[in-house]
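Thank you all for coming.

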Amino acid sequence: MTDTPVRPDAPTESTMTRVRPQRPLSEVAAEIPDVPRKRKAGPHLKRLLKHVLLIAFGLVMLYPLLWMLSSSFKPNELIFREPGLIPTALDFTNYTAGWNALLHPFSHYLLNSAIVVLGCVVGNLVSCSMAAYAFARLKFRGRPLWFAIMLMTIMLPIHVIIVPQYILFSSLEWINTFLPLIVPKLLATDAFFIFLMVQFFRGLPKELDEAARLDGCGHGRIFLRIMLPLSLPALATTAIFTFIWTWNDFFSQLIFLTRPDMYTVPIALRTFLDATSNSSWGPLFAMSIISLIPIFFVFLFGQKYLVKGIATTGIK
Amino acid sequence: MAVIQEVAKTRGASRETRNGDGKAAAVFLAPWFIGLGLITAFPLLASLYLSFTDYSLLEAPSWIGIENYQRMFEDARWIKSLGVTFQYVFFSVPMQLAMALLLAMALDKGLRGLAFYRSIYYLPSLLGGSVAIALLWRQVFGADGLVNQVLAYFGIQGYGWVSHPDYALGTLMVLNVWTFGAPMVIFLAGLRQIPTMYYEAASIDGASKLRQFFNITIPLLSPIIFFNLVLQLIGAFQAFTQAFVVSGGTGGPIDSTLFYTLYLYQRGFGSYDMGYASAMAWFLLLIVAGLTAVNFFASKYWVFYDD
């Protein structure tokens, strides 16, 4: 919420406007160059020491992850004896055992998660960009008020609305379907992304849509033909964050999906603890690694948008 | 031609000021309005109503006034869950932010490979909320887990950290601190906006690095610190997954990791005490809203705005 440059015509964000640096943080974040802005002519040794410390710290941070990866290739009895990273033997039995350890093969849960994620990504992209266009470009009565309400819903803990939502969805017989997870996204309830896109739309030159209007374009075509094509970075950020959040989401999936054949990856992973004895960490680690791979790839290829996204809205 | 355009412009402008874009706005906002009404506002009010009722999904809710709220204050587990959550929030959030700021400062001062370090430190933020990592934590801090293996290397006999009532919550705090990458990225962006000339002027005047930190960095970064603080506090109050997975859904050992949201889940979706769960949820909303309000109020005294 720190983003927009002060604009007199922008809808007020009440107290939020006070948290506001001079330049959009997202811009600054994206600009941070790999090369230093000013090299200190300090002694070589000191700089080297700093790098050694930073790398050592990074290694400590990532150690549990690397260890899990390595352990997923180790036989069970070695997991508890070897804190080292290099597996003595490359063994894929954990993967085959984990894949078939639950009621359904793990691909079943991966597919379920993929369906939910796809639905949520499409839902957020469509509904949030539409709402953002209205807030950023259209004049209508009560806009500042609606905008403030939209911002407030960002802060609303899901726990306050989950009980009636459960009652509502169960009266529609939507429990144990993916609808309670996807339909809210089609209705733009992830207001974070509305805000993110409003910020982005405001940065696009108004002359473009004014010119289009003179040429007889309606709002629908301005939105589809001008705003959306120019907003690919914002759309990418939305898609990436929706992907990661939905893939990791546990609370709502735990509540709305109770039948094993509807389980998504997080719920399936959890049942490992009940289904298998505590000693079978190997297969559990193997499936955990598989569940993290999609996020890791999104991280690898979407970093630019992630950094920009966090700096804009402060999301994780 | 130019004249026609001008006319068109004024006509367009006057039409716009007369009617606005009300119709178009209604179309573009339709999904959001429906969502706001059905998915957010209605459930919000419904849960307020339910919080004054006894409701178990099977029979219609029956009005019992403020009894749920009274019961909460006599419920030892509820009080415990509140304590656990406050402990978690007030220890792990400042530690996480301090870590984020420290690393952001270390990376900011003209460093080769910044993007590389930033990626490494940021990765845990993306993974930290997942069940996989919570399961990993359960093992790493288990009786014969990674931490104890390393400690044994130094001849130290560790506890079963996740199953020890004094340390289980601590392991969850460590997990939260581990995800310092997201606030770090925000700090990094904020640090970039502090003009270097301030530091140059200060060092010419003989100010030490420590003084520069407290008298330049902290004041100029305070809006960002404040922003991070509000966000992380709100997030930490709602923490759920890690405690649920690490404790196997119980909040144990001896309720030492019984997060507020976890207890809410147990009451609402374990014993279907929906009225009580709703009362708990509204209490949580009041705490979070109150704390955010206090934060904004207190920010007048320590957050420095340049303009």
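Let me begin with a term: the radius of gyration is taken here over C-alpha atoms, and the globule rule is 2.2 Å times the number of residues to the power 0.38. By that rule a compact globule of 307 residues would have a radius of gyration near 19 Å, but chain B has 26 Å. Please keep in mind that this is a predicted model, in which local features need pLDDT of at least 70 and side-chain atom pairs count only at pLDDT 80 or more, while totals for chains, interfaces and linings use all residues. Residues are numbered from 1 along each chain as its sequence is written, and chains are lettered from A and ligands numbered from 1 in the order in which they are written.

Staying with chain B, its C-alpha atoms fill a box of roughly 85 × 70 × 35 Å along the principal axes. Chain B is divided into domain 1 (2-50) and domain 2 (74-302), with bounds that come from an automatic or database domain assignment, and the centres of these two domains, over C-alpha atoms, are 39 Å apart.

As for secondary structure, helices (H or I, at least four residues) and strands (E, at least two) are DSSP runs, numbered from the N terminus. Chain B has 14 helices and two strands, and chain A has 15 helices and zero strands.

What lies between the two domains of chain B? The largest nonpolar core has 165 residues, and among those that touch the most other members are A:A131, A:M197, B:A104 and B:F187; such a core is a set of buried Ala, Val, Leu, Ile, Met, Phe, Trp, Tyr and Cys residues joined through C-beta atoms within 7 Å. Helix α5 (residues 106-137) of chain A gives the largest share of this core, 14 residues. Because domain 1 (2-50) and domain 2 (74-302) of chain B both give residues to this core, it lies between them.

Burial is a matter of counting: a residue is buried if 20 or more other C-beta atoms, placed from the backbone, lie within 10 Å of its own, exposed if 12 or fewer, and partly exposed in between. On that count 43% of the 307 residues of chain B are buried, and 44% of the 316 residues of chain A.

Two helices deserve a closer look, with the expected span taken as 1.5 Å times one less than the number of residues, and the bend at a residue as the angle between axes fitted to the seven residues ending there and the seven starting there. Helix α11 (residues 209-237) of chain B, with 29 residues, has end C-alpha atoms only 35 Å apart, short of the 42 Å that a straight helix would reach. A kink of about 60 degrees lies in α11(B) at B:S222, shortly before the proline B:P223. In α7(A), by contrast, the 13 residues should span 18 Å, and the end C-alpha atoms are 19 Å apart, which agrees, although α7(A) bends by about 25 degrees at A:Q165. The buried residues of α7(A) include A:P164, A:Q165 and A:F169.

Finally, the backbone: most residues other than glycine have a negative phi. A:N176, which is not a glycine, has a positive phi of about 65 degrees; its place is in the loop between α7 (159-171) and α8 (179-186) of chain A. A:N176 is partly exposed, with 17 other C-beta atoms within 10 Å. Likewise B:I254 has a positive phi of about 45 degrees, and B:I254 counts as partly exposed, with 13 C-beta neighbours inside 10 Å.
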